[in-house]
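The structure is shown first, and the analysis follows.

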Amino acid sequence: MDNCPCASGRAFDECCGPYLSGAAVPPTAEALMRSRYSAFATGAIDYLEESLLPETRGDFDRGNVTEWARSSEWTGLEVKSTEAGQPGDEEGWVEFVAHFRINGKDHLHHESSRFAHRDGRWWYVDGIMGTRPRTT
C-alpha cells in the first residue's frame, strides 16, 4: 500500500502502518483517529478493539464492526476540527467525516470523537454523530 488511507498524504508505512502493527503508538488524538480510519480501511479489527479505552470495550461488537469494515470501500477522510488532544493533554476531540461506499452507493459517517490520554497513550472513548455542541 502506497498512500495512507487516512489522507495524510504520507506513505502508509510512514504514517498509520506503525500504529496498526503495534510498532508505535499515536502521539496525538488526531493521529489515533486517523489510524482508526486506516484500520477500518485495511480490516485491522483487532486494532479497532485494542485502541478503545479498556473500560468501554464491553460495547464493542466485533461482528458488526468486521462486517462494516469489510463490506465497505473506504474512499476518504476529512478532519473538520481538533480540540486539545496534544502531548500533555488529558483529553481531546476530533471531528471528522469518513467517506465510504457500500454496494456502489456512497455514504458518510460524521462524528465528533472523544479521546483520553492514559498510561502513556491515547485511547478512543466515544463519539457523537455530527458536530458536538460547544459550551461557552
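## Burial and the aromatic pairs

A residue counts as buried under 20% relative accessible area, as exposed over 50%, and as partly exposed in between. The model discussed here is predicted. Trp 68 has 28% relative accessibility and therefore counts as partly exposed, whereas Phe 100, at 7%, is buried.

Seven aromatic pairs are found across the whole structure. In one of them, the ring centres of Trp 68 and Phe 100 are 5.5 Å apart with the planes at 80°, so the pair is edge-to-face. Because Trp 68 belongs to helix H4 and Phe 100 to strand S2, this pair ties together parts 32 residues apart in sequence. A further edge-to-face pair joins Phe 115 and Tyr 124, at 5.7 Å centre to centre and 70° between the planes. Phe 115 is buried at 0% relative accessibility, and Tyr 124 is buried at 14%. Ring pairs also link Tyr 37, Phe 40, Trp 68, Trp 74 and Phe 100 into a cluster.

## Nonpolar core

The largest nonpolar core holds 30 residues; Cys 16, Leu 20, Leu 48, Leu 77 and Phe 115 touch the most other members. Elements supplying at least two core residues each include helix H1, helix H3 and strand S1. The greatest contribution, seven residues, comes from H2. The contacts of Leu 77 include Cys 6, Met 33, Tyr 37 and Phe 96.

## Largest pocket

The lining comprises 14 nonpolar, five polar and five charged residues.

Conventions. Residues numbered from 1 in each chain as written. Predicted model: local features only at pLDDT ≥ 70, side-chain atom pairs only at ≥ 80, totals over all residues. Heavy atoms only, no water. Core = buried A, V, L, I, M, F, W, Y, C linked by side-chain atoms within 4.5 Å. Buried < 20%, exposed > 50% of the residue type's maximum accessible area, 1.4 Å probe, protein only. Helix = DSSP H or I, 4+ residues; strand = E, 2+ residues; numbered from the N terminus. Contact = heavy atoms within 4.5 Å. Nonpolar A, V, L, I, M, F, W, Y, C, P; charged D, E, K, R; others polar. Phe/Tyr/Trp six-rings, centres within 6.5 Å; stacked < 30°, edge-to-face > 60°. Lists of a residue's contacts leave out its neighbours within four places in sequence.
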